[in-house]
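Please open the model in your viewer and keep the selection tool at hand.

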Amino acid sequence: MVFSDIADRLTRTVETAQSTVSEAFFEPVIRLGVTGLSRAGKTVFITSLVANLIDRGRMPQLVAAANGAIRTAYLQPQPDDTVPRFDYEAHLGALTSPDPHWPDSTRSVSELRLSLRVQPTGLMGYLSGPRTIHLDIIDYPGEWLLDLALLDKSYTDWSADTLARLAPRDIGAEFLTMANAIDPTAKLDEPVAKSLAAAFAAYLQAARAAGYSDCSPGRFLLPGDLAGSPVLTFAPLAKPDQTRRGTLWREMERRYEAYKREVVKPFFRDHFARIDRQVVLVDALGAIHAGPKATEDLRRAMAEILGAFRPGRNAFLSQLFLGKRVEKILFAATKADHLHHTQHPRLTAIMEALVKDAKSRADFSGAQTAAMSIAALRATVEETIDHKGQPLDCVRGTLINGKQAAFYPGELPEDPAHLLGPAREGAEDWLDQDYQIMTFAPARLTLKPGEGPPHIRLDKVAEFLLGDRL
Ligand SMILES: Nc1nc2c(ncn2[C@@H]2O[C@H](COP(=O)(O)OP(=O)(O)OP(=O)(O)O)[C@@H](O)[C@H]2O)c(=O)[nH]1
Ligand SMILES: [Mg+2]
């Protein structure tokens, strides 16, 4: 008895040791990139996705959650020691507090590791026992992907393009007046360089606030610890006939090149090139509300962003990827809780049309893609009201001022071309519709045990992105 007991314990110890060793070597990691232009909904998305993977009661369309294959999900220290941790607890705290509010704007890279303990289904799976899969989620600004285009552009070309885009916009007037008043062939004077860069950064902020998407160089929007450094103290200037050394123009050119080398390339090398699966969040409703110009601008920004997913496009990227590729890309129109569900297919169709050109090229390089309309955190309930004797499908929620309101955003067209056509042709306003948007506060939640925050289609998102690996 005693002997077999010892033998038993011994084998068990060996087994445990073996499984620890094999786990250390074979625990698969999925690196999931989450991006989108500023205010697209990245922080809310990651927070709600993680909360709903930990408590899976609202994830029926995620097969591994519905059939019980996922046993537990828990947060762990992330593997990259120098990347800030995604502040999950603070963001979830904001959304689920008794006085719920949206989390603060983030706009730099951060990371979170969620580990899933999964019992594979089927006999073989049962015999092999549960395994651990790590999901490393990386949140980074979409504006940083727009910066990829800079790598192909000289300072001369970038300046010409940027000035051409800025000129017809009212918000560009102040910077243009300043840029036209200075002499680019004069000797560099640091205060002049500084005030030009500040005026250019102010223009980019104003462009972002006005709903424009082409707000690159990305670090000008939120410079973090690069604020005030030479890599961020440049602005576009038309090329003069003479570009002697030591002149303002030459120094701006040098700093532009330094930005590419010291800021853009390290991001693509250290973060982007390691991503396996990607979500691109798009505030399509916000752009439609801002008007045809903002919608066309969003379409163009999407095309540029998606260029980053075709490594062949750029010699620097091809070298980084070395044949590896992003396996799946999901384009998600966020904040779909502003619409009654009857309009969701229309929003999805617009999303698909927005990324159509770029999407087919990404498909070509082998990535699987999909488009969906989602809400990471559902802040409304649906309601049909009587409007002049006709039923009107609305949503109801709490406004930021605490008042309740029923809201009708307008009817999206069945054919996306009815929006994207006029946008492409440069229309000033939408012809037959006015689209509204409202900022609802997150709803006050009373969650049952095992339930994550309410959402729209986050389970389908998770199934698309992770289902095949669980
Ligand atoms: N109704 C609704 N609003 C949302 C949802 N997700 C995001 N929002 C709104 O969009 C805003 C921006 O969301 P964030 O998640 O902070 O967006 P972000 O992309 O992280 O923004 P930055 O960090 O500034 O780049 C929030 O403050 C909310 O007002 C959603 O699912 N439903
Ligand atoms: Mg954020």
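Helices (DSSP runs of H or I with at least four residues) and strands (DSSP runs of E with at least two) are numbered from the N terminus. This is a predicted model, in which local features need pLDDT of at least 70 and side-chain atom pairs count only at pLDDT 80 or more, while totals for chains, interfaces and linings use all residues. Residues are numbered from 1 along each chain as its sequence is written, chains are lettered from A and ligands numbered from 1 in the order in which they are written, and side-chain values use heavy atoms, with hydrogens and water left out.

**Stop 1: the second largest pocket**

On a 1 Å grid over the protein atoms alone, a pocket is an open set of points with protein on both sides within 12 Å along at least five of seven lines, whereas a cavity is a set of points where a 1.4 Å probe fits but cannot get out; lining residues have an atom within 4 Å of a point. Grid points are joined across faces, edges and corners, and a volume is the space filled by probe spheres set on the points.

The second largest pocket holds about 490 Å³ of space. Select Val-109, Trp-144, Arg-219, Asp-225 and His-271, which are the closest to its centre of the 20 residues that line it. Next, colour helix H11 (residues 248-270), which gives the largest share of this lining, 5 residues.

**Stop 2: the largest pocket**

The largest share, 4 residues, is from H2.

Colour the lining by class: Ala, Val, Leu, Ile, Met, Phe, Trp, Tyr, Cys and Pro count as nonpolar, Asp, Glu, Lys and Arg as charged, and the others, Gly among them, as polar. The lining of the largest pocket then shows 13 nonpolar, 10 polar and 7 charged residues.

Remain here and select Lys-335, whose place is in the loop between strand S6 (328-333) and helix H15 (344-354). The phi angle of Lys-335 is near 60 degrees, a positive value in a residue other than glycine.

**Stop 3: ligand 1**

Ligand 1 sits in the largest pocket, in the sense that more than half of its atoms lie within 2 Å of the pocket's grid points. Among the 17 residues around ligand 1, Lys-42, Thr-43, Val-44, Ser-105 and Thr-106 come nearest; a residue is counted if one of its heavy atoms lies within 4 Å.

Display the distances from oxygen atoms of ligand 1. One such atom is 2.4 Å from an N or O atom in the side chain of Ser-105. A polar backbone atom of Val-44 is 2.8 Å from an oxygen atom of the ligand, and a backbone N or O atom of Leu-377 lies 3.0 Å from one.

**Stop 4: the largest cavity**

The largest cavity has a volume of about 240 Å³. Select Thr-162, Arg-165, Asp-214, Cys-215 and Ser-216, the closest to its centre of 20 lining residues. By class, this lining has 10 nonpolar, 2 polar and 8 charged residues.

Finally, follow the chain from Ser-216 to Pro-217, where the peptide bond is cis, with omega near 5 degrees. Pro-217 is found in the loop between helix H10 (190-209) and H11.

Terms used
A polar contact is a pair of N or O atoms within 3.5 Å; within protein, one must be able to donate a hydrogen and the other to accept it, and residues adjacent in sequence count only if both atoms are side-chain atoms.
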